[in-house]
Amino acid sequence: MRVVVIGGGPAGVSAALHAAGLGAEVTLIERGRVGGTALNRGPAPVRTLARAARLVRDWSSWEAFGLRGTRPEVDVVATLANAQRVAAYLYERKRMADHIGSEGVDLVEEAGDARFVDANTVSVPDGRTWTGDRIIIAAGGKPGRLPIPGAELGLTYEDLRGLTSLPERVCVVGAADTGCQLSSILADFGCEVTLVEYAPRIVARSDVDVSIALEHAFRKRGISVVTSAAVHELQAQQPGVRVLYRVDDEARSLDVDAVFFAVGWPGNADLIDCAAAGVVTDRSYVTVDAFTATNVPHIFAAGDVDGNSMLVSSATLEGRVAAENAVLGRRRRVVHEIVPAGSFTDPEYGSVGLTEEQARARYDCAVAVARYEDILRPVADGQPEGFCKLIVETTRRHIVGAHVLGEYSAEVIQMVATCMAAGMRIEDVAELQFAFPTFTEGVNQAAQMVVNQLGVRPMPQLWSSLRSTPSVLE
C-alpha cells in the first residue's frame, strides 16, 4: 500500500512514521523544512523569547532578594537570533530528516505547496507528482488576519523574526493564547502594549477565574487591556499605524508603531485544492469524522488543518490515528477529552478539562481554589500571585477540570492531567506525597479542600486560610 502524507509538521511526521511502521510505502511532502510551525516558527522559538522576557522581568525583583544591578538591555536582533538558534538546534539535534529517512519514509523537503491533481494524485510546483492508495492531509495552518481595510499593515507573530528594533508602542489585536503571549513578551521587552479583544474578556475560552486574574496581572504590569472592542480599519501613518475600533457605539482610535494580529489560526485546506479530490471543507479546514476520515473514503486528515484541537500533542495523536486507520481500516477514534495546555505569558496559565461553567452545566460539582500565597515555594520565589483550581464531579469524585495561574503552570497542569487520565479519585490525589517545596503542592492543597467539602474522609488543614489582603478571585 502506498501512502502519501501532505505536510511535515507534528501530525504529518507522526502519520508518516506510523504508516511506515505498519508496513506501508510512504512519501512525506513538506513545503519547507520538516518540523512545521511547532519547531520552526511557533512554540519552540516563542518559548525561547518568553524565557528572555522572563529574565528581563526577574530584574524587577532583585531588590527583594538583596541583589543589585542595572536593568538588562534587550538586543532584539541577538534575542531573535537565539530563538532561531533553538529552532535550528532542535531540527539538527533530533536529526529529523535523517531519522525519517532511516525509518523508510521518502521525505521531500522544500517542495512548495502540494496540491491535489485528483483524488489519488498530488503535485508540487516543480511538476513532480505522487500517487497514493491512501492520502493523509496534514497541511497545518497559518496566522489569521482580520478582513478589514488596511489589514496588510498588520503583522503576525511570524513577523517577529524580521524585527531589527523594538517598536515603542504596540497594539496586539486578539487576546486568546497567542495574543496574550505576544503582549506579555513585548511588555517585558519594554514596549508600551495595548491588547484589544472582541470578546468581553481575554482568553475567553479559559475558565473565568483565569481570565480575571490574567487581566488583573496584565494591567498591573502596565499593559492596557481593551475588551468588547471591534477593530474595523488600520490606517498608515508617518510613521506607524492608526488602529480604528469601536467599543459598543463609541468610535476610538489608537496610534502605534506596530500592530500584531492574533485573531485565530485558519487551516491550510485552501492551499491544497481539496476540491480537485472531492474533499469537503468548511472555511479553511478539512471536515473529518471521529476516525480522522474525510468524505472521500481513502483520504484522511490530521492536525491543525482539521480545526479540532490546535495543539502539538493533539496533532501528534491525530497523525498516529490517521495512519492506523488509513493502513489497517477504520478502527480507532480520536478522543480530545484530557488535553492539557499552557501559555507562556507572565504569569503563565494552564488548563485541562472543563471550565467551571461547563462542568456545572453537566455535573454536580465541588470546586476548590488553592492560592499560591499560602504555599512556600511561590512565596520563596517572589511570585505569590497565582492559584490552582480543581473542579470535581461529586458522584465518582473525579477531577473534570483544572486551571492554574502562576509560575510553572504549563508544567503543573501536566500532573493534573495525568491524575485525570488515570481515573484517580480526589481523595487519592489529596494523599499523593508531593515534593516540598514545589508549585505542585497547590494541586495537593486544592484536592484536600475538596475532600473536606465532600466529607469523604478527615483531612486536617495544615495552612491558614486567613489573608491580610483580598485575593483577585474574591
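Modeller: In the UniProt entry, which is unreviewed, the annotation "binding site" covers Glu197 and Gly264. The two span 68 residues in sequence, yet their C-alpha atoms are not more than 12.0 Å apart, so they gather at one spot. Please keep in mind that this is a predicted model, and that the annotation itself comes from the record.

Let us begin with Glu197, which lies in the loop that runs between strand 9 (192-196) and helix 7 (208-220). Its relative accessibility is 13%, and because buried means under 20%, Glu197 counts as buried. Leaving out residues up to four places away in sequence, Glu197 touches Gly174, Ala175 and Ala176, and also Val226, Thr227, Ser228 and Ala229.

With a relative accessibility of 45%, Gly264 counts as partly exposed, whereas Glu197 counts as buried. When residues up to four places away in sequence are set aside, Gly264 touches Lys142, Pro143 and Gly144.

For orientation, we can turn to a pair of strands, strand 12 (residues 241-247) and strand 13 (residues 250-256), which pair in the antiparallel sense over seven bridges. Val241 has Val256 in strand 13 as its bridge partner. The two strands form a hairpin with two residues between them, and in the turn Asp248 has a positive phi of about 60 degrees.

Another place to look is Asn325, which lies in helix 8 (residues 312-328) and is buried, with a relative accessible area of 2%. Apart from its neighbours within four places in sequence, Asn325 is in contact with Phe291, Thr292 and Phe300, as well as with the arginines Arg330, Arg331 and Arg332.

Finally, a search of the whole structure for aromatic pairs finds three of them, and ring pairs link Tyr372, Tyr408 and Phe439 into a cluster.

Note on methods. Residues are numbered from 1 along each chain as its sequence is written. This is a predicted model: local features need pLDDT of at least 70, side-chain atom pairs count only at pLDDT 80 or more; totals for chains, interfaces and linings use all residues. Side-chain values use heavy atoms; hydrogens and water are left out. Rings of Phe, Tyr and Trp (its six-membered ring) pair if their centres lie within 6.5 Å; planes under 30 degrees apart count as stacked, over 60 as edge-to-face and the rest as tilted. UniProt positions are given in the numbering used here, feature names are shortened, and annotations may be inferred rather than shown by experiment. Helices (H or I, at least four residues) and strands (E, at least two) are DSSP runs, numbered from the N terminus. Buried means under 20% relative accessible area, exposed over 50%, partly exposed in between (1.4 Å probe, protein chains only). Contact means heavy atoms within 4.5 Å. Two strands pair if DSSP finds at least two bridges between them.
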